[in-house]
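Work through the exercises below with the coordinates open. Try each task before reading its solution.

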Amino acid sequence: MQWSEYMVMAALQSRNNARHWFRYLRKYIDKCGTRFSEQDVENLYNNEALTPFQRVSIKAAFEEGSQTRLHIINLNKKISSDKISVLRGQYAKLDE
């Protein structure tokens, strides 16, 4: 299966779930770059299988410095156990 077929399948499966759509995009975008060419993005953008939201987000995901791209890159980062401990402490205080 080529990447374009995979992304169209992903678009259909995540049609009503933005979180899943961003997770599919995360597989192809990281802080070092992307696995798509500009022509690939354009072809995917013009595919009828994508919803308007998916079209807009795919364009934004491949624009350097966009909020969508930064969000996807942050999905790829691992959270340290120190950060998790701090969050647990904060939520424990809120629960009291």
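**Exercise 1. Count the helices and strands, and give their order along the sequence.**

Solution. The protein chain has six helices and two strands. Helices (H or I, at least four residues) and strands (E, at least two) are DSSP runs, numbered from the N terminus. Along the sequence the pattern reads α-α-β-β-α-α-α-α.

Some ground rules come next. This is a predicted model: local features need pLDDT of at least 70, side-chain atom pairs count only at pLDDT 80 or more, and totals for chains, interfaces and linings use all residues. Residues are numbered from 1 along each chain as its sequence is written, and side-chain values use heavy atoms, with hydrogens and water left out.

**Exercise 2. Find the largest nonpolar core and say which elements build it.**

Solution. Start with burial. Buried means under 20% relative accessible area, exposed over 50%, partly exposed in between (1.4 Å probe, protein chains only). Of the 96 residues of the protein chain, 29% count as buried.

Next, join residues. A nonpolar core is a set of buried Ala, Val, Leu, Ile, Met, Phe, Trp, Tyr and Cys residues joined through side-chain atoms within 4.5 Å. The largest such core holds 21 residues. Met7, Trp21, Leu25, Ile29, Ile58 and Phe62 have the most contacts inside it. Two or more residues each come from α1 (3–13), α2 (18–26), α3 (38–45), α4 (52–61) and α5 (67–75). The largest share, five residues, is that of α1.

Now zoom in on Ile58. Contact means heavy atoms within 4.5 Å. Neighbours within four places in sequence aside, Ile58 is in contact with Trp21, Leu25, Val41, Leu44, Tyr45 and Leu50.

**Exercise 3. Which residues of α4 are buried, and how are they arranged around its axis?**

Solution. List them: Gln54, Ser57, Ile58, Ala60 and Ala61. Their arc is 165° seen down the axis of α4, so they line one face of the helix. The arc is that of the directions from the helix axis to the C-beta atoms. Pro52 and Val56, on the other side of α4, are exposed.

**Exercise 4. Trace the surroundings of Gln54 and Ser14.**

Solution. Take Gln54 in helix α4. Gln54 counts as buried because its relative accessibility is 1%. Leaving aside neighbours within four places in sequence, Gln54 is in contact with Ala11, Ser14, Arg15, Trp21 and Ala49. Its side chain reaches the backbone oxygen of Ala11 at 3.0 Å.

Move to Ser14, in the loop between α1 and α2. Ser14 is buried too, with a relative accessible area of 2%. A polar atom of the Ser14 side chain lies 2.7 Å from the backbone oxygen of Ala10. Not counting residues up to four places away in sequence, Ser14 touches His20, Trp21, Tyr24 and Gln54.

**Exercise 5. At what angle do α2 and α5 cross, and which residues meet?**

Solution. Axes are lines fitted to C-alpha atoms, for helices over the stretch in contact, and angles run from 0 to 180 degrees between N-to-C directions. The axes of α2 and α5 come within 9 Å and cross at roughly 75°. The two helices are therefore roughly perpendicular to each other. Angles under 35 degrees count as roughly parallel, over 145 as roughly antiparallel, 65 to 115 as roughly perpendicular and the rest as oblique. Phe22, Leu25 and Arg26 in α2 meet Thr68, His71, Ile72 and Leu75 in α5.

Key
Polar contact = N/O pair within 3.5 Å; in protein donor to acceptor, adjacent residues only side chain to side chain.
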